[in-house]
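Subject: Handover of a protein model

Dear colleague,

Please find below the structure that I am handing over to you. I would be grateful if you would look through it before reading my notes.

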Amino acid sequence: MFVRNAWYVIALSEEVTREPMKRTVLGEDVVLYRKLDGSIAALDDRCAHRAYPLSEGRLIGDNIQCGYHGFEYNCAGVCVRVPAQERIPERAVVQAFPVVESHRWVWIWMGDPDKGANTPVPDTHWMTDPAWDRVTHLFLFRSSADLIHDNLLDLTHESFLHQSTIGDEAVYENGITVEVDGNVVSVDRWMPQCHPSPLFEKATGMTLVDRWHTTEFQLPSLHVIHAGVVEPGGRREDGHLLEVLNAITPETESTAWYFYAFCRNFAVGDEGINALLKESLGDVLREDEEALALQQKKMERRPAHLPDVLIAQDAGVAKARRLMSRMLAAEAKELANTGQLA
């Protein structure tokens, strides 16, 4: 159902405190909390005794105590105390997950931990780089992660769904080029001699620009949209630049967490621009969420003999879907070979 051998964002740094919190990702409930040294522990949110949620318990030092019968687990998921008896059952263990806190996001690895130890989390340094400013959002979408991936890989919808903010005719009037490098799909759109989007015109004061956006999908979870505007004929690197981070983490088959950061290298520290972008981009994400929720309902009721109708603008979508299918098949084959998959 989900690619598990990958890093997924599970929380904002500020969400995780000394108060245990539950978050469902990849169909599993996880309890997160900060240890005394400030690092983060992540465990299966289920006491081994009677399956009571550990997130309903309390912390004792770096351990978490079940609120039902007091079983106490360390941050490796091993039960270290059973108040009712001295002997601790060998099977009193819950799964612990590797986590990495990086640039204000908390990443979790739900697959083979040995593979996670050898895989760095994706680069999102714009989130904390003092040369950049940013606004952030977190949404729970009522749609599958796959629909969000499709949405980000085919940005022609901006022209119609987001007309008052980031969309105009220039998006669909200019074609795309698609490249695949390993498990990264890049969709580039160059829009010369055009007006900036309504939101960009407000934020930059520019009225005629060369414009671009490149969606770089690092399968299976992160889209980095490299975008910007520059005076006509100028170089991309000299323009007003954006790095738009979209971390998509499945909650269930039909819902997904959307962690969003809109990072820019201009008007840094301008709180007026921050307020404008925060409100306007929140509207954009709400429009996406509502549209994809409607899609999800229709997809669930669509007859099996009616497939998607893809067009040239969907080249990135098609390539990403094939790559995702290969990743899922490879993991299923590996699990079958090790006897972990029935």
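The notes below go from the whole chain to single residues.

This is a predicted model, in which local features need pLDDT of at least 70 and side-chain atom pairs count only at pLDDT 80 or more, while totals for chains, interfaces and linings use all residues. Residues are numbered from 1 along each chain as its sequence is written, and side-chain values use heavy atoms, with hydrogens and water left out.

The whole protein

The protein has 7 helices and 17 strands. Here helices (H or I, at least four residues) and strands (E, at least two) are DSSP runs, numbered from the N terminus. The radius of gyration is 22 Å, close to the 20 Å that the globule rule gives for 342 residues, so the protein is as compact as a globular protein of that length. That radius is taken over C-alpha atoms, and the globule rule is 2.2 Å times the number of residues to the power 0.38. Along its principal axes, the C-alpha trace spans about 75 × 50 × 35 Å.

Of the 342 residues, 51% are buried. A residue is called buried under 20% relative accessible area, exposed over 50%, and partly exposed in between (1.4 Å probe, protein chains only). The accessible surface comes to about 16300 Å², and carbon and sulfur atoms hold 51% of this surface. Accessible areas come from the Shrake-Rupley method with a 1.4 Å probe; for residues, only the protein chains shown count as cover.

Among contacts with a separation of 6 or more, 57% are between residues 24 or more positions apart. Contact means heavy atoms within 4.5 Å.

As for charge, there are 33 positive and 51 negative side chains, and the centres of the two sets lie 6 Å apart. Lys and Arg count as positive and Asp and Glu as negative, whereas His and the chain ends are not counted. Each charge is placed at NZ of Lys, CZ of Arg, CG of Asp or CD of Glu.

Helix 2 (residues 145-153) is mostly covered, with 8 of its 9 residues buried. Its buried residues include Leu 147, Ile 148, His 149 and Asp 150.

Helix 6 (residues 271-301) contains Ser 280. Is Ser 280 buried or exposed? Ser 280 is buried, because its relative accessible area is 11%. Leaving aside neighbours within four places in sequence, Ser 280 is in contact with Thr 165 and Leu 199.

Cysteines

How many disulfides does the model have? A disulfide is a pair of cysteine sulfur atoms within 2.5 Å, and by this rule the count is 0. Cys 75 is in no disulfide, and the nearest cysteine sulfur, that of Cys 79, is 14 Å away. Cys 75 counts as partly exposed because its relative accessibility is 29%. Cys 263, at 0% relative accessibility, counts as buried.

Most residues other than glycine have a negative phi, and most peptide bonds are trans. A cis peptide bond joins Leu 219 and Pro 220, with omega about 10°. Pro 220 is found in the loop between strand 14 (209-218) and strand 15 (222-230).

Ala 51 is not a glycine, yet it has a positive phi of about 65°. Ala 51 belongs to the loop between strand 4 (40-44) and strand 5 (58-60), and at 46% relative accessibility it counts as partly exposed. His 103, also not a glycine, has a positive phi of about 50°. The loop that holds His 103 runs between strand 9 (99-102) and strand 10 (105-109), and His 103 is partly exposed, with a relative accessible area of 29%.

Two residues and their partners

Val 78 lies in the loop between strand 7 (72-73) and strand 8 (79-81) and is partly exposed at 36% relative accessible area. Val 78 and Val 94 are 16 residues apart in sequence, and their C-alpha atoms are 6.5 Å apart in space. Not counting residues up to four places away in sequence, Val 78 touches Glu 72, Tyr 73 and Ala 92.

Asp 29 lies in strand 3 (residues 28-34) and is partly exposed, with a relative accessible area of 30%. Its C-alpha atom is separated by 8.7 Å from that of Leu 43, 14 residues apart along the chain. Not counting residues up to four places away in sequence, the residues that Asp 29 touches include Lys 22, Leu 43 and Asp 45.
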